[in-house]
Amino acid sequence: MDEVIALKPCTAIKIHHKVSHQMQRLQGVMVNIREDKRSLIDSLVTEQVVMDDSLLEDHEDSTSAGGGGVGGLDRSTDNCNSAAHVSIDIPPCLDDSFKVEALDEEGRFDRFAKVTLSWVDLSVESKIEKTRVCCKQNTDHEPDIINILKGVSGIVEPGQFMAIMGASGAGKTTLLNTLAFRNEAKLKVSGAINVNGREMERDGLKMISAYVQQEDYFIGTMTVQEVMMFHANLRMDRKIPSYRKEEKVLNILSKLGLLKVKHSLVGYPGGLVRGISGGERKRLSVATELLMDPPLLFIDEPTSGLDSFMAESIVTLMGKLAKANRTILCTIHQPTSELFALFDRVCLVSEGEIVFMGESQAALNYFARAGMPCPTNYNPADHYIFTLAIRPGNEEACRATCQKLIAYYKRSDDYRKVLESIGRTLDGFNRKEPNPDRIRSSTLRQVGENFKRSFLNTIRNPAYTRTRIVQTIIVGLLCGLAYYDTKNDQTVAQNKSGVLFNIVVYFTFGNVFIQTMSIPLELPVVKREYQNGMYTTVPYFLSKIIAELPYLIGLPLINLGICYFMIGLKNSVAAFFVAVLAGVGISWASTGLGWFLSAWTGDVRIAGALTAPIIMPFFLFGGLYQYDDSTPIYFVPVKYISWIRYGFDMLMINEFEGLELECDHEPCFFKNGTDVLYRYGIDPGTLWWPNMAALWIFGVVMCIFAWGCLLCRVRR
């Protein structure tokens, strides 16, 4: 009879067999399929194609089906120098989404200038201030100065992929960040950083380089393609039409193996919003930087948090990009021997000085000549890091070993070759200037793209909007039921003033506490995008204001629409909308304060802890709990900048002006609403709109303060 044996999800072999030959024929078929799979995987690795997690699962299934491993993979990179257009066809047993296309002409997406990066006598110092004693600065001693980098020199040329390695605290990350003009706050940097023989400043280097951070910061509710289009619209020349930008985005996603997840959410690590895998996030970080086809690429710990297979895929991709005449530097912590073999050159750092710089294979001979050969069948990277590490309990001997290697390197031919290469560059070799000329997107486009992202983030997180609406409805119902059908008698002063003050307090706390979380959660993304030159802080802040407008207008309208007529407030359409305007003004002022606290502290917990004590003085002098003339003179300024007072006065004037009160028995304390206003120190002749103007002015001032704090944070 016929039997169908499913060896793979996409492969089925129909075998017509007799019972006497069943096992023999089945074994032969499985062996052939394993060999075909082995050849396919070897071919993909040889062509240096980025394979994704799904292909890894396919490979693992093949291994388990055969009862053993595939064996050693051929990691040769001889074929990576081909500049021709290559298209790799995957057999039908694999999904079409696994098709990965090689780079175009000369391995580039577009042509650009070649960049030779060199640095001469580069030093970095950090001052450690003395601790404070009883709130006074300890001035007995000068601040300690730590030399992080000590006069190092080096060079990386087009087509080279250099790994900066060293033990923890050696200075490798500082070297990378200094070369990229990143994270220089509180550091004193000296020496020269040259591009094509000319000294380069921060702004010039930013235009021709890209920096891939160790952490992958994205807005998790956006899809992969939306993230790429956001970067394309803000970073690419605004003269380029949108369809060309989209074509380039899809082209890059295809080349980096991300086309099949282009409509998937990026997600957040930890599962708050499920999204793409860690390897795909890392590739997306690289993809966003490749939009500008940078000739110079800095990468901080590209394999951090990835499994060995995805780490090798990422490093293989970086090597392939380097072969396209890009200049690539990265830091890496303790790579496997397979990863180490993929680097063209290595820069070994110890105690802030370079121990070796040159070809990765030449490092073995260098350490052997220095009397510290790598043991047989031992990972060279582990040997270098272990040799250069300062081990606790044996610090003196380890430092002596490092100093011996540093001195040996400065006498070696490897160091002489580095200096000669730097000299040729400074003398005019490869003097062609990169072309950094591109037009930043307009301010209107920056506002629009940021607003679009905020809008998408809101509609894809409906729980946030739903929670705020439900909360507003519940509070409106509570106020309406607690003060239902309040009579205009002698108790009206206490009842209506109390409910109006509660409305002010709800709009205050409901907005301040929510906004204290908004900026800290987005700050890492905003800082990265600001430093990449995508937009300034003004368009970002304007987009936040626009995105918040529906809540500023809609929530007061819902709340007062429920409780206003239930309470029995002034039965007038005009009075109702004035009350809504007061709620909008109070919400605006409170939102501005929340933004200021969040931008000032930069931390959700600190901002939340400071909110209550900062609001409390404004709360006390808001007009309900103390006679106006009883305010101590030293608290008078607080009274005049209290948005709670302005909001309360506006609502009180709107409600009690011209209101007639009932008096069933003597004594009558209040004959009309004017007496109630006098009771709370409010001038009956005052109009409501000056209070409204004060609320909006307060909100604008808070937004300006928040913008200033945000600008300081993203520039650090």
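User: How much space lies in the largest cavity?
Analyst: In this predicted model, the largest cavity holds about 140 Å³ of space.

User: And how many cavities of 30 Å³ or more are there in the whole structure?
Analyst: The search finds 11 cavities of that size.

User: Which residues lie nearest the centre of the largest cavity?
Analyst: Ala180, Arg182, Lys206, Ser209 and Gln531 lie nearest its centre, out of 13 residues in the lining.

User: What classes make up that lining?
Analyst: The lining of the largest cavity comprises 6 nonpolar, 3 polar and 4 charged residues.

User: Turning to the largest nonpolar core, which members touch the most others?
Analyst: Among its 176 residues, these are Trp119, Leu175, Phe298, Leu329 and Trp643. Helix α19 (residues 573-601) contributes the largest share of this core, with 15 residues.

User: What does Phe298 touch?
Analyst: Leaving out residues up to four places away in sequence, Phe298 touches Leu117, Leu176, Leu179, Ala180, Leu205, Ser209, Ala210, Tyr211, Val212 and Leu329. Two of these contacts, Ala180 and Ser209, are also listed among the residues nearest the centre of the largest cavity.

User: Now glutamate 280: where is it found?
Analyst: Glutamate 280 is found in helix α7 (residues 278-290).

User: Why does glutamate 280 count as buried?
Analyst: Glutamate 280 counts as buried because its relative accessibility is 6%, and the cut-off for buried is under 20%.

User: Which residues is glutamate 280 in contact with?
Analyst: Beyond its neighbours within four places in sequence, glutamate 280 contacts Leu258, Lys260 and Val261.

Notes: Residues are numbered from 1 along each chain as its sequence is written. This is a predicted model: local features need pLDDT of at least 70, side-chain atom pairs count only at pLDDT 80 or more; totals for chains, interfaces and linings use all residues. Side-chain values use heavy atoms; hydrogens and water are left out. A nonpolar core is a set of buried Ala, Val, Leu, Ile, Met, Phe, Trp, Tyr and Cys residues joined through side-chain atoms within 4.5 Å. Buried means under 20% relative accessible area, exposed over 50%, partly exposed in between (1.4 Å probe, protein chains only). Helices (H or I, at least four residues) and strands (E, at least two) are DSSP runs, numbered from the N terminus. Contact means heavy atoms within 4.5 Å. On a 1 Å grid over the protein atoms alone, a cavity is a set of points where a 1.4 Å probe fits but cannot get out, and a pocket is an open set with protein on both sides within 12 Å along at least five of seven lines; lining residues have an atom within 4 Å of a point. Grid points are joined across faces, edges and corners, and a volume is the space filled by probe spheres set on the points. Ala, Val, Leu, Ile, Met, Phe, Trp, Tyr, Cys and Pro count as nonpolar, Asp, Glu, Lys and Arg as charged, and the others, Gly among them, as polar.
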